[in-house]
Amino acid sequence: MRLAVTALVLLLAAGTAGASDIPIDLPAAPSADLFTPEPVASRGGFIDEIRAGATMFVDDRDFVREDGVFVSGEILFSRFVPELENPILNVLLRPRPHVGATVSTAGKTSQLYAGLTWDIPLGRFFITGSFGGTVHNGETDPQPVQTEPWTGCSVMFRESIGLGFNVTDRWSIIGAVDHSSNSGLCTPNDGLTHAGVWVGYKF
C-alpha cells in the first residue's frame, strides 16, 4: 500500500513539473477601447451616428391623448465645420445635421423632421439637444369635440433635449423629450410632445 501511495505521489509531482513547461493560451482581456468614457472620434464618413427610440405622447390635459408607442429613427451626419481649438466654440459652432422620423403604432400623428444636433460631453455622460423643423399628418383644425392635439399647421418647429450615457465607445443610451409647435404662427397651437428612451450607435 505504501509503495502504491509513493508511486502516485511521484507521478503527480512529475506531471506538475512537466505541465509548467506547456504553454497555455489564456483568453485575451477585453479591449480597453470598449470602456473609454468618450465615444470614438468620427471617422469622417458621411453618416456619423444612428439613433432609434421608443417614446410616448405627453400632455397635461386628460382629454387630449395619442395612445400607443411612437417608434423613432434618426440619422446624424458628420460635422461640416472643422474642429476648433476653443472647446466652447467647438461645441456651439459644430453641430451635426440630422434627419429622422417618428411613427405612431396606433395610427396617430407621425412626423418627418430634420435639423441640427448639439452634444455637450460630461465625462461618460453627455447632454444632447436639437432644433429644426417637422412635417406631420396630425389634425390641424378644431373639431366639434377635442380628443387629440390640434396643431394649427402641418409644418412646425421641433426641438429636443436629452441626457445620454456612453455604454461603450460606440453604444449609448439616451433619455429624451421632444416638442413640436408652430410658435403661435398658426391657430390653434397645441403642439406635440413625446418622452422616451433612445439607443445610439456611433460609426
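Mentor: Patches join residues with over 30% relative accessible area and no salt bridge, like charges within 9 Å and nonpolar side chains (Val, Leu, Ile, Met, Phe, Trp, Tyr) within 5 Å. Areas are Shrake-Rupley, 1.4 Å probe, with only the protein chains shown as cover for residues; a salt bridge puts a Lys or Arg side-chain nitrogen within 4 Å of an Asp or Glu carboxyl oxygen. The model is predicted: local features need pLDDT of at least 70, side-chain atom pairs 80 or more, while totals for chains, interfaces and linings use all residues. Numbering starts from 1 along each chain, and side-chain values use heavy atoms, without hydrogens or water.

Trainee: How much area does the nonpolar surface patch made by Ile120, Leu122, Phe125, Ile127, Ile161, Leu163 and Val177 cover?

Mentor: S4 (111-122), S5 (125-136) and S6 (155-166) each give two or more residues. These strands are DSSP E runs of at least two residues, numbered from the N terminus. The patch covers about 590 Å².

Trainee: How does Ile120 count by accessibility?

Mentor: Ile120 sits in strand S4. Buried means under 20%, exposed over 50%, partly exposed in between. Because its relative accessibility is 39%, Ile120 counts as partly exposed.

Trainee: Which strand gives the most to the lining of the largest cavity?

Mentor: Of its 16 lining residues, the closest to the centre are Arg51, Glu74, Ser160, Ala176 and Trp198. S1 (47-57), S5, S6, S7 (171-181) and S8 (192-202) each supply at least two. With four residues, the most comes from S7.

Definitions and conventions:
Buried < 20%, exposed > 50% of the residue type's maximum accessible area, 1.4 Å probe, protein only. 1 Å grid on protein atoms, 1.4 Å probe; cavity = no way out; pocket = protein on both sides within 12 Å on 5 of 7 lines; lining within 4 Å.
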